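Hi everyone, thanks for coming. I'd like to walk you through one structure today, so please have a look at it while I talk.

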Amino acid sequence: MQTNRLSPVMPLVGIVAGLALALCQYMIFVYAPVEQTMGIVQKIFYFHMPLAWWSLISFLTVFVASIAFLRTRNWKWDALSGAAAEVGVLFSGLALITGSIWGRHSWGVWWTWDPRLTTTLVMWFVYAGYLVLRTLDLPRERLGTVSAVVGIVAFLDVPLVFLSARLWRSIHPAVFASKGGGLEAEMKTTVIACIVAFGFLWVALTWLRAAQRRMAARIDVLATETTI
Amino acid sequence: MLSAALAIASKDLRLLLSRGTGLVQALLLGLLLIFVFSLSQRVGEVMGPQGAAAIFWLASAFCQVLIFNTLFAIEEANGARFGLLLAPVPVQAVWLGKGIAGFTLLLCAQAVFLPAAIVFLGQTVSPLWHVGLATVLLADVGIVALGALLGALSQGQAARESLLSIVLFPLLVPVLLAGIRVGAAAFADDIPEGVESWLGLVAAFDALFLGAGIVLFPFVYGGEE
């Protein structure tokens, strides 16, 4: 028998995420210095990078949960992959918008053939299609299986998309890879704090959506049983 | 498994080609795309080789979606899919068979699209033409491997062509980029980054999705309505 109660830890994670994000605002706008050449626009970076990182984690979660679903046929994995894809599409969409604003300011163009930007855009397309697929009017068993297969195939494509876009052209700044010319200490601390804060937000959102999906499925079953 | 796959492929090809309309819809769509894109140039203007290669691959990608929808629709009537599923062969033979049939049909279509792109888009053939042709063959393997896997999504007619294209096209990006770059080189003999890395990328794509097809196809191709 599945439990229908939400875990008491879940709201707690949400509260921690809220507090951590509030702290991040302070760090971004007060603690971290204004960057010399880019000015205030550079602050976008503190949102852009955590969003991009956590969207990739979302897609990895879809991949792992899809494999787990095909192996175990446990519906909690299906709910998790659906929830992670939703949050991933949201986060990668926001990462694309913030990245585009950044690109306009620093490179003078709204869009450029950068491997990371392109990979994010292609992944956004793939997982947006995946979400459309999940809304199809199919029997639950088939929909779960088909979604899991697309969830696996989509993630297998990520490295190839990245490599192909890199062959095409590259001008993205390698933030942590660069030696010497990287970030100041305060900036680095702020970025790490933002990544952690967005991590809490990611966990809270994904957990909530997965729980909602499980409940929706349960209501569907109850409704069917009542009709019968 | 190979003989079973060949049997399925030849059955599909005979069924489609004997009807006469088998490839016509896909061919017309591709040709129309090439023609419509040729309108983007002013009279007397010549399209850049990369643009022409992109249009060629766009036509191929749309054509491939129609091909796999048709190939998987064959068994939808009269529950013929159950016949295939009950045959004493691994279910992957169906994937391989559909892939081989799709590969053949796609090549036939491209044999029409290529001259059409050269004529309508004002291209020339450079000394690198053989590399371009090899890339077409190599890229088609990956495209049909993925197409035959995801084409089975249209089983039961719940997922239409439009859905297959929005799922499939972004996944094909690596192989399309490679096809476009090498295709542009085949038209204009200009590829500063070299063709080897692109060919390696396409080969990796082929290997990855041939493997994924073998492992995942039994999950998507089943007895459900």
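**Two helices in chain B**

Let's begin with a pair of helices. In this predicted model, helix α2 of chain B, residues 24–38, packs with helix α3 of chain B, residues 49–73, at an angle of about 155°, and their axes are 9 Å apart. Those are the numbers to ask for, because two packed helices are described by the angle between their axes and the distance between the axes.

What does that angle tell us about how α2(B) and α3(B) run relative to each other? Angles over 145 degrees count as roughly antiparallel, so α2(B) and α3(B) are roughly antiparallel to each other. Their crossing is right-handed.

Which residues make this contact? On the α2(B) side you can find B:Gln25, B:Ala26, B:Leu29, B:Gly30, B:Leu33, B:Ile34 and B:Phe37. From α3(B) come, among them, B:Ile55, B:Leu58, B:Phe62, B:Cys63 and B:Leu66. Sorted by class, the contact of α2(B) with α3(B) holds 12 nonpolar residues, three polar ones and no charged ones.

**What the record says**

Now a look at the database. An unreviewed UniProt entry lists "transmembrane region" for several stretches of chain B, including residues 51–74 and 128–151. How does the model look there? Residues 51–74 of chain B are 96% helix and 0% strand, with the end C-alpha atoms 35 Å apart. Residues 128–151 of chain B are also 96% helix and 0% strand, and here the end C-alpha atoms lie 33 Å apart.

**Over to chain A**

Chain A has seven helices and zero strands. Its C-alpha atoms fill a box of roughly 70 × 40 × 25 Å, taken along the principal axes. Of the 228 residues in chain A, 39% are buried. And if you take the contacts in chain A with a separation of 6 or more, 80% are between residues 24 or more positions apart.

**Where the chains meet**

Finally, how many residues does each chain bring to the contact between A and B? Chain A gives 27 residues and chain B gives 24. On the chain A side, the elements that give two or more residues are α4 (115–134), α5 (140–156) and α6 (158–168). The most come from α5(A), with nine residues. This side of chain A divides into 21 nonpolar, three polar and three charged residues.

Conventions:
Residues are numbered from 1 along each chain as its sequence is written. Chains are lettered from A and ligands numbered from 1 in the order in which they are written. This is a predicted model: local features need pLDDT of at least 70, side-chain atom pairs count only at pLDDT 80 or more; totals for chains, interfaces and linings use all residues. Two residues are in contact if their C-beta atoms, placed from the backbone, lie within 7 Å. Helices (H or I, at least four residues) and strands (E, at least two) are DSSP runs, numbered from the N terminus. Ala, Val, Leu, Ile, Met, Phe, Trp, Tyr, Cys and Pro count as nonpolar, Asp, Glu, Lys and Arg as charged, and the others, Gly among them, as polar. Axes are lines fitted to C-alpha atoms, for helices over the stretch in contact, and angles run from 0 to 180 degrees between N-to-C directions. Angles under 35 degrees count as roughly parallel, over 145 as roughly antiparallel, 65 to 115 as roughly perpendicular and the rest as oblique. A crossing is left-handed if the near helix is turned anticlockwise from the far one by less than a right angle, and right-handed if clockwise. UniProt positions are given in the numbering used here, feature names are shortened, and annotations may be inferred rather than shown by experiment. A residue is buried if 20 or more other C-beta atoms lie within 10 Å of its own, exposed if 12 or fewer, and partly exposed in between; C-beta atoms are placed from the backbone.
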